[in-house]
Amino acid sequence: MTQNELAAQISARLSVLMTEEVASLRAAIGHLDAERRALESGDVDTLPVLAARKSEVYGRLAQLGDARTALLARAGVKPAKADIDALFASGPEWTACRKPFADLLELAREAHDANLANGLMIRAQMKSSQQALAVLMSAAEQASTYGPDGQAMARTSRRSFGSA
């Protein structure tokens with residue numbers, strides 16, 4: 001097999017692989033959008049289902065990424081953007097890879113940004129919940145005890161400071 005034939009074979013497989021990665025990233029972005037809507041509306045019941053779906057897609061993306069890296073290695077290229085761009089510009093056999101690679105980079109940025117935004121919302125909601133819980137716990141600790149006459153009684157500590 002000649003070098004050009006090998007390059008054409010790797011290019012064809014790489015193009016198909018990256019097209020599948022693009023489709024998987026679109027699915028992940030769909031799950032991230034659904035997660036954002038659930039967070040905004042307070043629909044916490046759907047979050048575990050969405051998390052499972054995202055995890056499944058991310059697992060598939062990891063497999064596809066590993067396969068892409070292996071194909072690039074067969075072509076003699078490191079998985080760095082500059083090296084990949086140089087490979088795809090090196091000859092007509094790589095033309096089919098250019099668009100899926102550009103789409104892949106764009107969607108990866110979009111997914112990253114959506115994931116960060118959702119993480120910020122989750123952290124804000126957790127902080128709010130923790131503050132509300134702290135207020136409730138403080139109020140419970142300060143609750144008065146009433147005696148038989150209806151008057152507030154001084155609350156004594158339940159802790160033992162030692163015994164003689």
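What pattern does the protein chain follow, read along the sequence? The pattern is α-α-α-α-β-β. This is a predicted model, in which local features need pLDDT of at least 70, side-chain atom pairs count only at pLDDT 80 or more, and totals for chains, interfaces and linings use all residues. Residues are numbered from 1 along each chain as its sequence is written, and side-chain values use heavy atoms, with hydrogens and water left out.

**Figure 1. The whole chain.** Four helices and two strands make up the protein chain. Helices (H or I, at least four residues) and strands (E, at least two) are DSSP runs, numbered from the N terminus. The protein chain has 164 residues, of which 27% count as buried. Buried means under 20% relative accessible area, exposed over 50%, and partly exposed in between (1.4 Å probe, protein chains only). The protein chain exposes about 11,100 Å², and carbon and sulfur atoms supply 57% of that area. Accessible areas come from the Shrake-Rupley method with a 1.4 Å probe; for residues, only the protein chains shown count as cover. Among contacts between residues at least 6 apart in sequence, 65% join residues at least 24 apart. Contact means heavy atoms within 4.5 Å.

**Figure 2. Helix H1 from end to end.** Helix H1 covers residues 3–41. Just after H1, Gly 42 takes a positive phi of about 80 degrees.

Figure 3. Ser 11 lies in H1 and is buried, with a relative accessible area of 2%. Apart from neighbours within four places in sequence, Ser 11 is in contact with Glu 93, Trp 94 and Cys 97. Ser 24 is also placed in helix H1, and at 13% relative accessibility Ser 24 counts as buried. What does Ser 24 touch, not counting residues up to four places away in sequence? Ser 24 touches Val 57, Arg 60, Leu 61 and Leu 64.

**Figure 4. The largest nonpolar core.** A nonpolar core is a set of buried Ala, Val, Leu, Ile, Met, Phe, Trp, Tyr and Cys residues joined through side-chain atoms within 4.5 Å. The largest one has 26 residues, and Leu 14, Met 18, Phe 88 and Trp 94 have the most contacts inside it. Two or more residues of this core come from each of H1, helix H2 (47–74), helix H3 (81–88) and helix H4 (95–141). H1 gives the most, with 10 residues. Leaving aside neighbours within four places in sequence, Met 18 is in contact with Arg 68, Phe 88, Cys 97, Pro 100, Phe 101 and Leu 104.

Figure 5. Rings of Phe, Tyr and Trp (its six-membered ring) pair if their centres lie within 6.5 Å; planes under 30 degrees apart count as stacked, over 60 as edge-to-face and the rest as tilted. A search of the whole structure finds two aromatic pairs. The rings of Phe 88 and Phe 101 have centres 5.5 Å apart and planes at 85 degrees, so this pair is edge-to-face. The pair links distant parts of the chain, with Phe 88 in helix H3 and Phe 101 in helix H4, 13 residues apart. Phe 88 and Phe 101 are both buried. Ring pairs join Phe 88, Trp 94 and Phe 101 into a cluster.

Figure 6. A salt bridge is a side-chain nitrogen of Lys or Arg within 4 Å of a carboxyl oxygen of Asp or Glu. Six are found in a search of the whole structure. In one of them, Lys 54 pairs with Glu 35, the closest N and O atoms being 2.9 Å apart. Lys 54 is in helix H2 and Glu 35 in helix H1, 19 residues apart, and the pair links distant parts of the chain. Are Lys 54 and Glu 35 buried or exposed? Both are buried.

**Figure 7. Salt bridges within a helix.** Arg 36 forms a salt bridge with Glu 40, with the closest N and O atoms 3.3 Å apart. Both residues lie in helix H1, four residues apart, about one turn of the helix. Arg 36 is partly exposed at a relative accessible area of 29%, whereas Glu 40 counts as exposed at 53%.
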